[in-house]
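Open the model in your viewer and keep the selection tool ready. This tour goes stop by stop.

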Amino acid sequence: VMIKRGKIEEGTEKDKLLYDELISFAKNNDLSVAKNYDELSHMMDIQSFIDFCATEIYLGNEDWINYNNNYRLWRSRTTSSQPYEDGKWRWMIYDTEYSLDLYNLGKNYEFDAIQYIYDWGEIGQDYFTQIVLFEALMQNEDFKEQFVTTFMDLANLNFEPNSASNKLDEIVAQYSPCINDSFYRFGPDFVVDYCVPQDYFNEQVDAIRSALYNRNHYVPNMLKKHFDLEKD
């Protein structure tokens, strides 16, 4: 079963009811209570949701944070002893085009995505379901600790600047030879009409590299602000 942006992509409307029950349970129960948190953990893979949220927040993906957009989750209708066949909801990341402030060349690397989530949560309780779920789970101290640990693992391992830059180099080496053909075939027109496509591509790569470096140095301060972490 797959849910995309709150609607059934694979499955039936009956399957959708289980997703609605998940959101409803989170909205209407105090998840700081261990019994409630345990019950929710039987409905969803907590670590999967943390991985999803931590990555989206780290990258500052405004298309998800501001518009409740570009999220998928899935579950196996069949349950068994096989891995992932436990009926729990798990999250998928896709379409991160609006991450790292790319359209502004990565200059807004101090984007406080957590504050934006809290602000939107106050405005759209019925619409921003993923944010509602995130805020509800933040009532629980175990979840909060697990989120912070995962977030810093992302910062120190997956998005560590040297490691991330090396991975970026691999991707650039793979796609750079195709850039001119891609822009001339698919656009956007402003690149073909007013820019040298390869130069534009290189500028975007530099922006990503800079944003990854600066974001890595900023995000610990964002966590300290919202989670009362020790300064060290």
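Begin with the charged pairs. The structure holds nine salt bridges, a salt bridge being a side-chain nitrogen of Lys or Arg within 4 Å of a carboxyl oxygen of Asp or Glu. Before you select any, note that this is a predicted model, in which local features need pLDDT of at least 70, side-chain atom pairs count only at pLDDT 80 or more, and totals for chains, interfaces and linings use all residues. Residues are numbered from 1 along each chain as its sequence is written, and side-chain values use heavy atoms, with hydrogens and water left out.

**Stop 1**

Select Lys225 and Asp112. They form a salt bridge, with the closest N and O atoms 2.9 Å apart. Lys225 sits in helix α11 (residues 197–227) and Asp112 in the loop between β4 (90–92) and α5 (113–123), so the pair ties together parts that are 113 residues apart in sequence. Helices (H or I, at least four residues) and strands (E, at least two) are DSSP runs, numbered from the N terminus.

Lys225 is exposed, at 53%. Buried means under 20% relative accessible area, exposed over 50%, and partly exposed in between (1.4 Å probe, protein chains only).

**Stop 2**

Go to helix α7 (residues 141–158). Lys144 and Glu141 both lie there, three residues apart, about one turn of the helix. Their salt bridge has its closest N and O atoms 3.5 Å apart. Lys144 is partly exposed, with a relative accessible area of 24%. Glu141 is exposed, at 53%.

Next, pick helix α8 (residues 161–175). Here Glu170 and Lys167 are also three residues apart, about one turn of the helix. Their side chains meet in a salt bridge (3.3 Å, N to O). Glu170 is partly exposed, with a relative accessible area of 49%. Lys167 is partly exposed too, at 47%. Then select Asp45, Asp86 and Arg90: salt bridges that share partners join them into one network.

**Stop 1: a buried charge**

Move to Glu56 in helix α3 (residues 46–59). Leaving aside neighbours within four places in sequence, Glu56 is in contact (heavy atoms within 4.5 Å) with Asn61, Trp64, Ile65, Asn70 and Ile93.

**Stop 2: an enclosed helix**

Select helix α6 (residues 129–137). Eight of its nine residues are buried, so α6 is largely enclosed by the rest of the structure. Among the buried ones are Ile131, Val132, Leu133 and Phe134.

**Stop 3: the whole protein**

Zoom out. The protein has 11 helices and four strands. Its C-alpha atoms fill a box of roughly 60 × 45 × 40 Å, taken along the principal axes. Of its 232 residues, 45% count as buried. Among contacts with a separation of 6 or more, 67% come from residues 24 or more positions apart.
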